[in-house]
Amino acid sequence: MKYALVTGGSRGLGRAICIKLASMGIPVIINYQSNGAAAEEVRDIIHAAGGEASLMQFNVADLQQVTESLEAWEKEHPDDYIAYLVNNAGIRRDNVMFMMPDKDWHDVLDVTVNGFFYVTRALLPKMMMRGHGGRIVNMTSLSGLKGMAGQTNYSAAKAAIIGATRSLAQEAAARKVTVNAVAPGFIETDMTKDLPQDELKKLVPMKRFGKAEEVAELVAFLCSEGAAYITGEVININGGLY
Ligand code: NAP
């Protein structure tokens, strides 16, 4: 059986991605860091719709937690493997650079870049060896492409993910594993709820924030058979805001 793992699947984009992938008949593993109640809610929604979902708590930035959780899952599922990985977990700690505390710099890089590395490296061997291929979708951001004042930590982390996506795509292509990145603009989630939405909407050619479900549609396409020949791409989903 081929499973999907969505990091940060308890809320926002990850939640919508879990629900969408499950609706395609893929059993989904919902990773979260601390918000167990939100993760359970996602699982219950999927079960109510007839899908398959389970929870897996770990901090993507903690190598030991990542390794132990994924090794335990593999032991319990000797005939299965995680064929779809959505590296979605992310945090913002905005500040102008000259006032940025060390911790805010390191936390954002740790979750986004190290988290991507730890989880992806752990799953790649099975994905590449099983011969059935796999899909890796990395959540980057408009901020990683064009930069955004007050986000040097976040932009650096998201730009790193773009570089890693392009390199890993070339490493994994011969094993039928595709690696792509999705770069959302402003999407309505907990992460953006403190932003002045009315002001920012005016900057977006479509005059609105995107919906998590719209991002989930794109991720689902990249995970589908139809996207088998797309790899190393960064796909923007931003209502025309570049
Ligand atoms: P969100 O609503 O704040 O949700 C973040 C999710 O990530 C939660 O499920 C959270 O788990 C999880 N998470 C955070 N740190 C984690 C860690 N160390 N280990 C495991 N899980 C962790 O954020 P979002 O808006 O959905 O964003 C999802 C991704 O899209 C992020 O990578 C973000 O940078 C990117 N993005 C978002 C936007 C936007 O406008 N919203 C735009 C561009 C890119 P808990 O529930 O346990 O806290």
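## Pockets and cavities

On a 1 Å grid over the protein atoms alone, a pocket is an open set of points with protein on both sides within 12 Å along at least five of seven lines, while a cavity is a set where a 1.4 Å probe fits but cannot get out; lining residues have an atom within 4 Å of a point. This is a predicted model, in which local features need pLDDT of at least 70 and side-chain atom pairs count only at pLDDT 80 or more, whereas totals for chains, interfaces and linings use all residues. Residues are numbered from 1 along each chain as its sequence is written, and side-chain values use heavy atoms, without hydrogens and water.

## The largest pocket

Let's start with the largest pocket, whose volume is about 1,100 Å³ (the space filled by probe spheres set on grid points joined across faces, edges and corners). Its lining has 44 residues, with Ala89, Gly90, Ile91, Arg92 and Met191 nearest the centre. By class these are 18 nonpolar, 19 polar and seven charged residues (Ala, Val, Leu, Ile, Met, Phe, Trp, Tyr, Cys and Pro count as nonpolar, Asp, Glu, Lys and Arg as charged, and the others, Gly among them, as polar).

Helix 1 gives the most to this lining, with three residues (helices are DSSP runs of H or I with at least four residues, strands are runs of E with at least two, and both are numbered from the N terminus).

## The ligand in its place

The ligand sits in the largest pocket, as more than half of its atoms lie within 2 Å of the grid points. Of the 31 residues around the ligand, Ser10, Ser34, Asn88, Tyr154 and Thr189 come nearest (a heavy atom within 4 Å counts as near). This shell divides into 13 nonpolar, 15 polar and three charged residues.

Now for the polar contacts (pairs of N or O atoms within 3.5 Å). Ligand oxygen atoms lie 2.7 Å from a backbone N or O atom of Ser34, 2.8 Å from a polar backbone atom of Asn35 and 2.5 Å from a polar side-chain atom of Thr189. Taken alone the ligand exposes 900 Å², and the protein buries 95% of that (Shrake-Rupley areas with a 1.4 Å probe).

## The enclosed space

The structure holds one cavity of 30 Å³ or more, and about 80 Å³ of space lies in the largest cavity. Among its 14 lining residues, Asn87, Asn88, Ala89, Thr112 and Phe116 lie nearest the centre. Helix 4 (102–129) gives the most to this lining, with five residues.

Note on methods:
A polar contact is a pair of N or O atoms within 3.5 Å; within protein, one must be able to donate a hydrogen and the other to accept it, and residues adjacent in sequence count only if both atoms are side-chain atoms.
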